[in-house]
Amino acid sequence: MAVHRWIRELLILLLTTLLGIAVASLWQQWLVGLTVALALYLAYSLLQLWRLDRWAKHPDRALPPHAPAQWGAVFDHLYRYQRKQRRRQEQLRQVIGRFDRLSEALSDGMVVITQRDTLDNWNAAAGRLLGFKYPHDRSQHVTNLLRHPLFVEYFATGNFDDPLVIKSPTDESRWLQFQIITYGNNERLMVVRDITRLQRLQEMRRDFVANVSHELRTPLTVFTGYLEPLAAHADTLLPPRMSKGVEQMQQQANRMRHLIDDLLMLSRLENEQTLSPLTPVNVTSLMQRAYEDGVALSQGRQQLTLTLDSDKQLLGDEEQLRSAVTNLVSNAVRYAGDNRNITLSWNETAAGEGRLSIADDGEGIDSHHLARLTERFYRVDKGRSSATGGTGLGLAIVKHVMLRHQGELDIESTLGRGSCFTLSFPAQRLHQDDSVLREQ
Ligand code: ADP
């Protein structure tokens with residue numbers, strides 16, 4: 001078919017040329033005849049080109065013009081190609097439309113973020129939850145519109161393994177969870193979920209635990225208030241069997257007090273939605289006190305060493321930091337075993353991060369327990385923990401303190417060799433005390 005059309009085209013050219021030459025030969029001017037014939041063929045070709053150009057400008061208005069021989073084939077090819085493209089476009093439009101309708105129907109917000117951290121596109125839910133206005137906010141930097149300090153920091157770190165939960169920028173009473181997924185060439189999809197209901201349930205649970213703990217404090221104070229003088233004079237006032245009972249009651253009351261204190265501390269830490277303040281805390285004296293408390297608790301059963309290789313202060317909450325360190329030291333003393341070494345150290349890494357660690361060469365912990373150690377009430381050896389006055393909340397408190405301080409708790413332990421609990425603080429939490437600089 002295609003070859004056939006080409007032959008016809010060549011025949012048109014040949015016949016025009018021959019006719020021109022034949023007619024002009026009558027006057028013995030065959031060259032003029034050839035020129036006129038070729039000029040006519042050129043004019044015919046230009047005419048077809050002009051028609052093609054006119055049609056190509058508005059191909060959807062009309063069918064392509066009819067043309068003889070190869071020009072007709074060119075028009076047909078272009079027409080078929082154009083129809084195929086149009087069908088493909090329609091299919092694509094339908095797919096995009098389906099995705100658009102799907103994303104509009106989602107109750108979760110979806111935001112596409114470009115490589116340059118600007119907003120590209122978002123669905124209706126994202127507009128509602130985050131207050132983005134289309135097209136005004138398009139191409140804006142994400143942190144220009146989401147200015148919550150926790151979000152700005154979360155976005156800057158680029159570590160999106162865990163979702164972020166903050167209050168909604170448009171409605172203070174609502175809670176939003178942000179999860180960022182990186183795909184393609186560093187483009188990101190941000191999924192925003194309204195978790196107000198879940199958050200309220202958790203708040204209710206936390207309030208319940210805090211209230212119960214608080215309510216238990218008063219009867220416990222009365223109880224221990226009577227117990228103390230009784231225990232102090234048990235030898236003279238009570239028969240031996242009862243004095244043993246009073247001693248045990250006092251021990252359990254103390255345990256209960258510790259448990260209530262830890263529960264209240266944990267619920268306070270959980271309720272705080274902001275990072276801990278940037279107040280300078282003197283780590284040297286904090287570690288010194290933890291060391292002295294450890295020595296007193298150990299009563300000579302272990303050898304404690306304090307190594308201070310940095311004079312930097314920490315920016316944070318002193319009470320929380322003290323509680324974290326005290327918990328770790330008390331754990332080392334209670335679990336390492338007798339005649340062991342415990343080392344408390346404070347130093348700075350080459351990258352300027354702070355490392356506070358409590359290491360012991362005691363019994364260690366089997367590796368399968370390590371991932372769960374910071375869960376509330378998780379104990380490796382329940383009997384031992386209770387016997388040594390443990391509440392099962394110590395490491396959960398340490399973990400929360402570190403979250404508030406943008407740091408991490410790292411646990412390394414080998415059974416039979418010992419354990420090392422390291423608190424790592426980011427460089428921005430370290431602070432050089434001016435008085436130390438002046439002394440130097
Ligand atoms: P607890 O109040 O029971 O001590 P923690 O949360 O402080 O609770 O610790 C959880 C568990 O981790 C403890 O029950 C103990 O089994 C284990 N553990 C903590 N520190 C050490 C340590 N230095 N050596 C061995 N085991 C430890």
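A polar contact is taken here as a pair of N or O atoms within 3.5 Å; within protein, one atom must be able to donate a hydrogen and the other to accept it, and residues adjacent in sequence count only if both atoms are side-chain atoms. The model is predicted, so local features need pLDDT of at least 70 and side-chain atom pairs pLDDT 80 or more, whereas totals for chains, interfaces and linings use all residues. Numbering runs from 1 along each chain as its sequence is written, and side-chain values use heavy atoms, with hydrogens and water left out.

A polar side-chain atom of Tyr335 sits 2.6 Å from an oxygen atom of the ligand, and for Asn331 the corresponding distance to a ligand oxygen atom is 2.8 Å. Gly394 contributes through its backbone, with an N or O atom 3.4 Å from an oxygen atom of the ligand. The protein buries 97% of the 530 Å² that the ligand exposes when taken alone (Shrake-Rupley accessible areas, 1.4 Å probe).

The surrounding shell comprises 19 residues, each with a heavy atom within 4 Å of the ligand. Helix H11 (318-335), helix H14 (394-404) and strand E12 (418-425) each supply two or more of these residues, and H11 gives the most, with four. Helices (H or I, at least four residues) and strands (E, at least two) are DSSP runs numbered from the N terminus. By class, the shell holds nine nonpolar, seven polar and three charged residues; Ala, Val, Leu, Ile, Met, Phe, Trp, Tyr, Cys and Pro count as nonpolar, Asp, Glu, Lys and Arg as charged, and the others, Gly among them, as polar.
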